[in-house]
Amino acid sequence: MSKKRILTLAFFSCFIFPGVASAQDKSIEQRVENLLQQMTLEEKVGQLNQYSGKEVTGPVNEKNTNQLNDIKAGWVGSMLNVKGVKDTRAIQAVALQSRLKIPLLFSLDVIHGYRTVFPIPLAEAASWDLEAIRLSAHIAAKEAAASGIHWTFAPMVDISRDPRWGRVMEGAGEDTYLGSLIGAARVKGFQGEKLGGTDAVMACAKHFAAYGAALAGRDYHAVDMSPQMLWESYLPPFKAAADAGVATFMNSFNTLNGVPATGNSYLQRDILKGQWNYKGFVVSDWGSIGEMIAHGFAKNSEEAALKAITAGSDMDMESIAYKKSLVKLVQEGKVKQELVDDAVRRILYKKFELGLFDDPYKFSDAKREQKVLNDPQHKLIAREVAQKSIVLLKNENNTLPLSKNTQTIALIGPLVQSKRDLAGSWIVQPGDTTIIVNLLEGVQQKVGKKTKLLYAKGCDVKSNSQAGFAEALQTAKSADVIVMAVGETWDMSGEAKSRTNINLPGQQEALFMELQKLGKPIVAVVMGGRPLIFDQIADKASAVVFAWWLGNEGGNAIANVLFGDYNPSGKLPMTFPRNVGQIPLSYNFYNTGRPVLNEKNIVYRSAYIDAPNTPKYAFGYGLSYTTFGYSDLKLSKSKIAPHEKLEVSFTLTNTGKVAGEEVAQLYLQDKVASLARPVKELKDFRKVMLKPGESKTITFTIDQNKLSFYNQELQWVAEPGDFKLMIGTASDNIKLTGEFALAE
């Protein structure tokens, strides 16, 4: 059976028998109300507390003894970082000793896989393959649910245009449209058709809101932006997640225009629970209620609790502010009982919806845990998703794919044999590297018996030592081709991993420059969790493969691309800058009154004088082993009325010699409006597989929604006027253009 067939079957098998909730919505609402009437104020506040339980099942100490006592007393609604059937069952049993026997929610950061580690989310976004992304999330949910987990803190749907921010690895990149679709796909993957199935978990849209715009790309930093930017660029992925039925939201660490998100009524009450009528619940980020004191927004823990619950933050993760102060605040009349009841009602509803009151142990089945965690199909799916995530940045003189009969291949670089780094940041079981396939192992399984593989590390990622250069050069001298693996280590991108310098660290480019003097073809495989700067390699390598952090099957996926068993189809979800001085940088920028019209003439233009003003690699960029032709653009009308639709069609042809997938991208520009509009905005795309010589007619539909924006009054409007239409293979490689008008 082909890998593609395996992926297709696996995807549909996941959704044929969706989980069914234990009761209909109205029945759940009645059960929630009945339970709420039996609860004391203390028991209600208890449901709003979440503890981290890394130590709760370990050796007896003061912390876990206190936690167990609080659980037994009904002071805890959820536990974070307790995983595995044995431990979740044991702790749930303690919760069932409480007066009302309300079960706990077990939560965990299942960001890109549980036991089976998939590519980091930013890498998966490079696939532009929504079904593969949804399947990845579903496998992660299936494994997590089999291990007693009810709830994951994913997807992160923050838009970010600053690669210095380490958490870009958790998201879908810089584009609002693409990010919204990916966020919804991941929600559906985690949650299945309906909550309550033992192969699904509750998802959590985070971080609400605008965390990805932290100043200077520094984690936890302030955010300052216009209402139009907030509504147009940063809120839509959250709305898409809400529309997809996401069970929970997480607020963010940052201040937004001076107000901490955790205490921001505008975000949580007015928008989320008001305008969007969101019925799930909101959890704080780790300790973020207490952190409002450091922000200077609350004078103490009691005031922080008051502001958080008033603003709409339902569950307190780890600051213990609600446990300490909320009962007192209600008794003193400073917090209305209705606010507490509303928060508790939302949390209890999810527990009923998951079926935990009918069977508190339904997610803690040891036999299912073993079966699911050892399902061999998951490995094959992980490999398929990893392949789709790889982006081919350069392929001079068709250096790739390599022949499997190449006589001698030198594998050089600090990441050739790395396993832990391929898994990336945010993994559940960091100590288990036995199931991770590194690049060397992947290549070894791919080449013929007559091929000789040579290896030298050359240097470390972070060290400035060149002690290994001589060995690397000597090893590479006898090779026909050099495959060089460079990049970041897993701990250089992720939460609290902001960097002012996103160049390749250490002596990696220096090693490349020495190898380049040998005059042999060099294929650079670059691994990392964010856009990186590697200009010397980009300019002088024969081929460049951007491999991100691809998870357990990374080595096999890269080898499949290097040797042509998989034709790369990935496209960049973030712009790659030439240097940090260009950051923040995105494709959908706003023109100035003096735009650069010609790079050779930048006098008195909005330009840098010491470097090119274009990115190194643009949003949407990515090569293939074949080529594609765009032709025959047709528009159904030259002018449409406000409620009409415009059909746009063109012919896409595989003009090369091998089958391949192309991501055809549609961009629009509102040429004149009441507010200046971006030079282009992604509004649609299609990922299409074509055989050599095959052509297909691709059709896009443009409606009023795709022409709309938020005006100065924050009204979502499509203004009459002229629009430019652009279709291409990347944001900077437009193949077809047209114009149309929206009538009065």
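Start with helix α16, residues 366-373, where Glu 369, Val 372 and Leu 373 are buried, meaning under 20% relative accessible area with a 1.4 Å probe and protein chains only. Because these three cover an arc of only 90° around the axis, they sit on the same side of α16; the arc is taken from the directions from the helix axis to the C-beta atoms. Helices here are DSSP runs (H or I, at least four residues), numbered from the N terminus.

What do the buried residues of α16 pack against? Their partners are α5 (85-95), α7 (130-146) and α17 (376-389), with contact meaning heavy atoms within 4.5 Å. At the start of α16, Asp 365 has a side-chain oxygen within 2.9 Å of the backbone nitrogen of Lys 367.

A quick word on the source: this is a predicted model, where local features need pLDDT of at least 70 and side-chain atom pairs count only at 80 or more, while totals for chains, interfaces and linings use all residues. Residues are numbered from 1 along each chain as its sequence is written, and side-chain values use heavy atoms, with hydrogens and water left out.

The lining of the largest cavity draws its largest share, four residues, from helix α8 (residues 176-191). By class, that lining has seven nonpolar, four polar and three charged residues; Asp, Glu, Lys and Arg count as charged, Ala, Val, Leu, Ile, Met, Phe, Trp, Tyr, Cys and Pro as nonpolar, and the others, Gly among them, as polar.

Key
Helix = DSSP H or I, 4+ residues; strand = E, 2+ residues; numbered from the N terminus. Buried < 20%, exposed > 50% of the residue type's maximum accessible area, 1.4 Å probe, protein only. Polar contact = N/O pair within 3.5 Å; in protein donor to acceptor, adjacent residues only side chain to side chain.
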